[in-house]
Amino acid sequence: MVLALVVCAVVVAVGVAGLVGFAVRRRLIQRVGGTFDCSLRLKMPADASTQPDLDEHGQPTSAPVPVTDGKGWVFGIGRYSGDSIEWFRVFSYAPRPRRTLPRTDIEVLGRRYPEGQEELALLSGSVVLRCLHHGAPLELAMSEDALTGFLAWLEAAPPGQRVNVA
């Protein structure tokens, strides 16, 4: 009986320590400032389009819209760090960012609202931003407010840097 209580106490203590570790890590990431909730699609569909939603005249293109299945999304925190965005997984103990997205390597293709199972996989009120990163498709999901800040950050690039914001 005593052994069972000790084992239960150890399990509860380890669980609480894990949750405290997540909370402390998040506070350390956010203490610098310039952070926002940002989900990242790690596993892009094979048929993901690399064409922009609008052409140079602002007319819709005929880029194929892939069926969204809601798979591959990971919750994270984005942090502005000079000319790049550092992306951290929420449920990780790693002190370093999982991805670093330099401003010069991001090209915005368009935006859309989550559909189908994506609505369950993402935070409510999220907008999916379709981008190219080093020529490969990339999708970020964030709130409308975070999206406004993200696009403003992209547009505020120093003179001479190529920035494409749809």
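Predicted model: local features only at pLDDT ≥ 70, side-chain atom pairs only at ≥ 80, totals over all residues.
1. The open sheet has 4 strands in the order β1-β4-β5-β6, and their pairing is antiparallel. Strands β1 and β6 (99-102) stand at the edges with a single partner strand each, so that one side of each has no neighbour in the sheet. From one strand to the next, the twist averages 25 degrees.

2. Within this sheet, β4 and β5 are paired in the antiparallel sense over 6 bridges, and Gly76 is found opposite Arg89 in β5.

3. Helix α1 takes in residues 2-30, and because 29 residues at 1.5 Å a residue should span 42 Å, the 42 Å that separates its end C-alpha atoms agrees with expectation. This helix lies across β1, β4 and β5, and runs at about 25 degrees to β4.

4. Gly18, Arg25 and Ile29 are buried in α1, and the elements that cover the buried residues of this helix include β1 (35-37), β4 (76-81) and β5 (84-89).

5. Helix α3, made up of residues 144-155, lies across β1, β4, β5 and β6, and its direction is at about 30 degrees to β4.

6. His133 belongs to strand β8, which covers residues 126-133. Its relative accessible area is 8%, and because buried means under 20%, His133 counts as buried. When neighbours within four places in sequence are left aside, the contacts of His133 are with Arg99, Thr100, Leu101, Pro102, Asp105, Ile106 and Leu138.

Note on methods. Residues numbered from 1 in each chain as written. Heavy atoms only, no water. Helix = DSSP H or I, 4+ residues; strand = E, 2+ residues; numbered from the N terminus. Expected span 1.5 Å × (residues − 1). Buried < 20%, exposed > 50% of the residue type's maximum accessible area, 1.4 Å probe, protein only. Contact = heavy atoms within 4.5 Å. Pairing = 2+ DSSP bridges. Axes fitted to C-alpha atoms, helices over the stretch in contact; angles between N-to-C directions.
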